[in-house]
2 protein chains.
Amino acid sequence: MSESLKESPRTSRFFEQIADRQRTLNTRLCVGLDPDLSRIPDACKASDRPIFEFNKAIIDATHDLASCFKPQIAHYASETAEDQLQETIDYIQGKEVPVLLDAKRGDVGSTAEMYARELFERYGADAVTVNPYLGEDALKPYLDYADRGVFILCRTSNPGGSDLQNLMLESGLTLYEHVAKTARDKWNDNNNVGLVVGATRPEELRKIRNICGKMTFLLPGVGAQGADVKEMMGAGQGGGMLISSSRAILYASSGEDFAEAARRVAQETCNEISRYSN
Amino acid sequence: MSESLKESPRTSRFFEQIADRQRTLNTRLCVGLDPDLSRIPDACKASDRPIFEFNKAIIDATHDLASCFKPQIAHYASETAEDQLQETIDYIQGKEVPVLLDAKRGDVGSTAEMYARELFERYGADAVTVNPYLGEDALKPYLDYADRGVFILCRTSNPGGSDLQNLMLESGLTLYEHVAKTARDKWNDNNNVGLVVGATRPEELRKIRNICGKMTFLLPGVGAQGADVKEMMGAGQGGGMLISSSRAILYASSGEDFAEAARRVAQETCNEISRYSN
């Protein structure tokens with residue numbers, strides 16, 4: 001990416017929406033919509049669209065606390081519930097809240113074009129997650145949607161995240177640092193790139209922040225995965241942060257009060273994030 | 001993986017089927033089913049299930065030349081055609097031919113369980129492709145299906161494949177060699193692992209063969225991507241090979257003779273593979 005582009009005021013519609021919501025609603029929270037039929041309250045299960053009914057209640061209860069919602073596509077595909085994913089996305093966008101569709105696709109260029117059509121055109125996602133293992137031509141079809149957001153996996157929050165991502169390269173960088181640097185220098189011509197960085201790894205988050213400046217990071221790991229919000233906020237400061245929590249909010253209660261309980265946990269998470277924001 | 005497991009006669013049902021077909025039909029060809037509505041002949045477009053009608057004609061014309069069929073899921077998802085993907089898989093399996101569902105999924109453990117359910121239970125795939133960037137816990141849910149095949153991306157055939165995969169590690173191995181070694185030593189406890197290795201890279205294929213012994217490789221790159229069959233067969237010898245061709249077979253003719261043309265190209269590809277087999 002050239003200096004002139006780096007300095008460009010141009011920003012994707014997705015990142016503008018996120019920035020607006022952060023300003024007006026004071027929230028950096030991203031609510032993950034990972035519906036699991038075995039954990040959805042009985043009240044929703046009675047419906048012929050249980051996943052959508054559950055999501056709708058969660059969205060109604062938390063949308064003014066969310067920068068965006070993040071449906072994870074496997075939770076719908078495993079239940080043959082593409083229609084309920086579409087309904088969920090339409091419902092969120094009807095409230096003028098952006099949708100980050102978490103799909104972590106990665107395939108060769110010609111196939112990546114098909115995946116980009118699936119995510120951006122079929123479902124109308126405002127942003128997506130993608131996997132960098134196949135390199136630049138596998139990312140380009142997503143990056144070419146200049147008005148959307150593209151979050152590239154950098155350092156993931158799971159235990160196996162270190163298996164490849166923390167390998168030390170001959171260059172003196174780890175693989176995840178190399179991905180961060182390449183995202184900054186080569187993949188961000190359209191100013192629409194973000195990175196996925198596990199909130200559970202504050203030291204690594206700090207290194208990636210130092211490499212990527214103001215770039216927005218999607219930070220999973222708060223809530224069920226146990227990341228420390230104070231440490232995360234300290235390490236991630238200096239640029240955009242979308243802090244993702246899914247299960248801790250969705251399953252705060254298994255009773256009829258699940259939506260109110262979800263709002264309470266979402267509000268507590270927002271408060272904790274605000275406490276350590278500067 | 002321990003030595004005792006390495007020597008175990010236990011093989012996944014998928015790899016047994018492939019070996020049987022190779023023995024009885026003398027074919028290592030894997031026919032990729034990447035239907036593209038803009039290239040499907042008019043005769044199929046008249047149907048309300050154009051993708052399935054196209055696939056059915058291709059399957060009827062080539063099934064006795066195919067070790068397995070490999071539908072690439074993005075080509076169905078981008079067209080809201082999950083139902084036609086399911087019909088295609090059922091139709092292939094009705095002919096007792098195994099299905100390798102090319103999806104290249106990669107996500108943290110709890111989500112990988114959902115993807116594994118999508119691919120193995122919803123669609124009933126006999127084998128899948130997966131992405132190693134998120135490490136072991138992200139692969140385990142697929143590997144736990146001991147009767148299926150799991151092809152891990154190692155060195156992909158696309159131009160950007162070298163961006164990360166060819167990075168030199170401090171250990172003296174490239175990233176793709178490290179993935180090959182880890183697949184051999186740590187991820188193959190159930191004897192159900194294969195690797196995806198681009199046929200367009202014979203030198204790298206040879207290195208991976210030297211690391212992985214008899215392990216089966218899925219080799220895309222023959223046909224439209226222009227890999228040299230003689231060089232590939234020389235470099236890949238010593239272990240299992242599934243040689244994948246999609247577009248060169250599917251779109252051999254755009255006329256009414258598309259199925260016969262597909263068979264002709266499939267037969268030519270099989271013949272060329274046989275010529276250089278030993």
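How many bridges pair strand S1 (residues 29-33) of chain A with S2(A), and in which sense, parallel or antiparallel? In this predicted model, S1(A) and S2(A) pair in the parallel sense over four bridges. Within S2(A), it is A:Pro71 that A:Leu33 stands opposite.

That pairing belongs to a bigger arrangement. Chain A has an open sheet of eight strands, with parallel pairing, in the order S2-S1-S8-S7-S6-S5-S4-S3. Its edges are taken by strand S2 (68-71) and strand S3 (100-105) of chain A, each of which pairs on one side only. Going by the average and ignoring direction, neighbouring strands in this sheet are turned by 30 degrees against each other.

Chain B has its own open sheet, again with eight strands and parallel pairing, and here the order reads S2-S1-S8-S7-S6-S5-S4-S3. Strand S2 (68-71) and strand S3 (100-105) of chain B sit at the edges with a single partner strand each, so one side of each has no neighbour in the sheet. From one strand to the next, the twist averages 30 degrees. Further in, strand S6 (residues 193-197) of chain B and strand S7 (residues 217-220) of chain B pair in the parallel sense over two bridges. Here B:Val196 stands opposite B:Leu218 of S7(B).

Next come the helices, starting with one that meets the sheet of chain B. H11(B) lies across strand S5 (149-155) and S6 of chain B, and runs at about 165 degrees to S6(B). This helix also has a helical partner: helix H11 (residues 202-212) and helix H12 (residues 229-236) of chain B pack with their axes 8 Å apart, at an angle of about 20 degrees. With angles under 35 degrees counted as roughly parallel, that makes H11(B) roughly parallel to H12(B). The crossing of H11(B) past H12(B) is right-handed. On the H11(B) side, the contact is made by B:Pro202, B:Leu205, B:Arg206 and B:Arg209, while H12(B) brings in B:Glu231, B:Met232, B:Ala235 and B:Gly236. Sorted by class, the residues of this contact come out as four nonpolar, one polar and three charged.

In chain A, another helix pair is worth a look. Helix H7 (residues 109-122) and helix H8 (residues 136-143) of chain A pack at an angle of about 30 degrees, and their axes are 8 Å apart. H7(A) is therefore roughly parallel to H8(A), and passes H8(A) in a right-handed crossing. H7(A) uses A:Gly109, A:Ala112, A:Glu113 and A:Ala116 to meet A:Asp137, A:Ala138, A:Lys140, A:Pro141 and A:Tyr142 in H8(A). The contact of H7(A) with H8(A) has five nonpolar, one polar and three charged residues.

Finally, the two chains meet each other. In all, 42 residues of chain B are in contact with 42 residues of chain A. On the side of chain B that touches chain A, the elements giving two or more residues are helix H5 (74-77), helix H7 (109-122), helix H8 (136-143), helix H9 (161-165) and helix H10 (175-185) of chain B. H7(B) gives the most, with seven residues. By class, this side of chain B divides into 16 nonpolar, 16 polar and ten charged residues.

How are the two copies related?

Definitions and conventions. Residues are numbered from 1 along each chain as its sequence is written. Chains are lettered from A and ligands numbered from 1 in the order in which they are written. This is a predicted model: local features need pLDDT of at least 70, side-chain atom pairs count only at pLDDT 80 or more; totals for chains, interfaces and linings use all residues. Two residues are in contact if their C-beta atoms, placed from the backbone, lie within 7 Å. Ala, Val, Leu, Ile, Met, Phe, Trp, Tyr, Cys and Pro count as nonpolar, Asp, Glu, Lys and Arg as charged, and the others, Gly among them, as polar. Axes are lines fitted to C-alpha atoms, for helices over the stretch in contact, and angles run from 0 to 180 degrees between N-to-C directions. Angles under 35 degrees count as roughly parallel, over 145 as roughly antiparallel, 65 to 115 as roughly perpendicular and the rest as oblique. A crossing is left-handed if the near helix is turned anticlockwise from the far one by less than a right angle, and right-handed if clockwise. Two strands pair if DSSP finds at least two bridges between them.
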